Amino acid sequence: MTLNPWRLRLLADLATFGTVRAVAQRGNLSPSAVSQQLATLERETRTALLERTGRRVRLTAAGMLLAGRAREILAAMDAAEAELRHLAEEPAGTVTVAAFQSAVQALAEPALARLATRHPDVSVVLLELEPHESMPALRRGDVDLIITTADFAGAELSPEIYLVPLATDPVVLVLPPEHPLASAESVDLEACAQQRWTFDVAGSYMSELSTRLCREAGFEPVVICRFNNYMLALRHVENGRSITMLPKLAVDPRYRVVTRPLNPPLTRRITAGVRRAAASRPEVTAVLNALRAGD
């Protein structure tokens, strides 16, 4: 039995992205072509890798096992190709990068523009993942590099993760322009105990952080909205319906809102993270250098 690396990549992508359609879009294929290749892989392995329910599929236990091994095999192949390319000194290849929402536009996109100029043979697949999602994805090998913040519960590092500091970003209180606290130099959260709040979705980094800060200030926040999109949160505040806490990077100047520092101030540390086994790959190094060039 000889396993086809291309089919293994499709299986690994299905484990990561969840649907045949998403895998097809990522590989510029039709869904039927993806399904046919996965069916061929099942025949080659003589194993049921997929469980089909109507038009939906999910991986069996054997499928999950092979998908995990596929990531290891593909990573080893990518590393071998990278080492050969390194002999020619010009980085090339694909790097999958995950970044939290506000870092996509502020950090990732400018870095990718620099990368395209300096190393045109390096391509990047950019995913939006919040910190509580990206670190597990990095450990699993679903992504090659993450832009994250280590200032949250669950970010405890293991020896195989290498962190590179990128920036600091203050967490600010976001208010409607007419709000009584909008003219304050800084705001103690105790003054916001009676306010209505917009938070990120439950379990996310900013939701956990905001809840903890309010409780430390002596009150349980009255949360009337939860959005996983900062633009929706800013619009809700702009319309005077609530207040929120956001990282400064997330505050789009197009919205009519006022930001005020917290008292005491709070700053998060933004870092890039890679697995140590992948850090020596020239294309990964090129992406890291492009990110650091924006310091």
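Is Glu-42 buried or exposed? Select Glu-42 and find out: Glu-42 is buried, with a relative accessible area of 13%. Here, buried means under 20% relative accessible area, exposed means over 50%, and partly exposed falls in between (1.4 Å probe, protein chains only).

Before moving on, a word on the model. This is a predicted model, in which local features need pLDDT of at least 70 and side-chain atom pairs count only at pLDDT 80 or more, while totals for chains, interfaces and linings use all residues. Residues are numbered from 1 along each chain as its sequence is written, and side-chain values use heavy atoms, with hydrogens and water left out.

**The whole protein**

Zoom out and show the cartoon. Along the principal axes, the C-alpha atoms fill a box of roughly 70 × 50 × 35 Å. The protein has 295 residues, and 45% of them count as buried.

Among contacts with a separation of 6 or more, 72% are between residues 24 or more positions apart, where contact means heavy atoms within 4.5 Å.

Colour by charge next. There are 33 positive and 33 negative side chains, and the centres of the two sets lie 5 Å apart. Lys and Arg count as positive and Asp and Glu as negative, while His and the chain ends are not counted. The place of each charge is taken as NZ of Lys, CZ of Arg, CG of Asp or CD of Glu.

**Salt bridges**

Arg-52 lies in strand β1 (residues 50–53) and Glu-42 in helix α3 (residues 31–45), so the pair ties together parts that are ten residues apart in sequence.

How many salt bridges does the structure hold? The count is 15. Another one joins Arg-58 and Glu-51, at 3.1 Å from N to O. Arg-58 is exposed at 54%, and Glu-51 is partly exposed at 35%. Then select Arg-215 and Glu-220, whose side chains meet in a salt bridge of 2.9 Å, N to O. Elsewhere, salt bridges that share partners join Arg-71, Arg-140 and Asp-142 into one network.

**Asp-144 and its surroundings**

Next, centre on Asp-144, in the loop between α6 (131–140) and β5 (145–149). Asp-144 is buried, at 11% relative accessible area. A polar atom of the Asp-144 side chain lies 2.8 Å from the backbone nitrogen of Thr-96. The side chains of Asp-144 and Arg-281 are joined by a polar contact of 3.3 Å. A polar contact is a pair of N or O atoms within 3.5 Å; within protein, one must be able to donate a hydrogen and the other to accept it, and residues adjacent in sequence count only if both atoms are side-chain atoms. Leaving out residues up to four places away in sequence, Asp-144 also touches others, including Leu-138, Gly-273 and Val-274.

**Loop stops**

Thr-60 sits in the loop between β2 (56–59) and α4 (61–87) and is buried at 17%. Not counting residues up to four places away in sequence, Thr-60 touches Ala-48, Leu-49, Leu-50 and Glu-51.

Gly-240 is in the loop between α8 (230–238) and β9 (244–247), partly exposed at 42%. Draw a distance from its C-alpha to that of Leu-175: the two are 65 residues apart along the chain and separated by 8.0 Å.

**Backbone details**

Which peptide bond is cis, with omega near 5°? Select Asn-263 and Pro-264 to see it; Pro-264 lies in the loop between β10 (258–261) and β11 (267–275).

Finish with two positive phi values. Asn-28, in the loop between α2 (20–27) and α3, has a phi of about 55° although it is not a glycine, and is exposed at 72%. Arg-46, in the loop between α3 and β1, has a phi near 55° and is exposed at 74%.

Conventions
Salt bridge = Lys/Arg side-chain N within 4 Å of Asp/Glu carboxyl O. Helix = DSSP H or I, 4+ residues; strand = E, 2+ residues; numbered from the N terminus.
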